[in-house]
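Q: Could you take me through this model feature by feature, giving the general idea before the particular case?

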Amino acid sequence: MRSHEVYSAVGRIENRYLLCNMVRVAARRLHRPGTPLQHTISKVLGIINERSYLRDSPGLRSKLAHSAVRAAQARSAA
């Protein structure tokens, strides 16, 4: 359920504005035409919850973007 994923992500990134911005940036990069946007957002939240190094830090945006792109490349290669 997505609410569980959101609350888990808030535990990783305490700043809610930053969390929403990270989800927005990553969803725009990972979204593929023909795929429901809800699925892409759920994948992004899953990536955030998987990464243990995601905390409020100056480099958070680039870390999330790079890990999202790497995950998308790994999934498309498989």
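Q: What should I know about the conventions, and what average pLDDT does the protein have?

A: This is a predicted model, in which local features need pLDDT of at least 70 and side-chain atom pairs count only at pLDDT 80 or more, while totals for chains, interfaces and linings use all residues. Residues are numbered from 1 along each chain as its sequence is written, and side-chain values use heavy atoms, with hydrogens and water left out. The pLDDT is the predictor's confidence in each residue, from 0 to 100. The protein averages 77, and 73% of its residues score at least 70. Confidence is lowest in helix α4 (residues 60–77), with a mean of 68, and highest in helix α3 (residues 37–50), with 88.

Q: How many helices and strands does the protein have?

A: Helices (H or I, at least four residues) and strands (E, at least two) are DSSP runs, numbered from the N terminus. Here there are four helices and zero strands, and the order of elements from the N terminus is α-α-α-α.

Q: What contact is found at the start of α2?

A: A polar contact is a pair of N or O atoms within 3.5 Å; within protein, one must be able to donate a hydrogen and the other to accept it, and residues adjacent in sequence count only if both atoms are side-chain atoms. At the start of α2, a side-chain oxygen of asparagine 15 comes to within 3.1 Å of the backbone nitrogen of tyrosine 17.

Q: At what angle do α2 and α3 pack?

A: Axes are lines fitted to C-alpha atoms, for helices over the stretch in contact, and angles run from 0 to 180 degrees between N-to-C directions. The axes of α2 and α3 are 9 Å apart, and the helices pack at an angle of about 120°. Angles under 35 degrees count as roughly parallel, over 145 as roughly antiparallel, 65 to 115 as roughly perpendicular and the rest as oblique. The pair α2 and α3 is therefore oblique.

Q: Which residues of α2 and α3 are buried?

A: Buried means under 20% relative accessible area, exposed over 50%, and partly exposed in between (1.4 Å probe, protein chains only). Buried residues make up 33% of the 78 residues in the protein. In α2 they include Leu18, Met22 and Val23, and in α3 they include Val44, Leu45 and Ile47.

Q: Why do valine 23 and isoleucine 47 count as buried?

A: Valine 23 counts as buried because its relative accessibility is 13%, and isoleucine 47 because its value is 1%. The C-alpha atoms of valine 23 and isoleucine 41, 18 residues apart along the chain, are separated by 6.9 Å, while those of isoleucine 47 and alanine 71, 24 residues apart along the chain, are separated by 8.2 Å.

Q: Is histidine 4 buried or exposed?

A: Histidine 4, in helix α1 (residues 2–12), counts as exposed because its relative accessibility is 57%.
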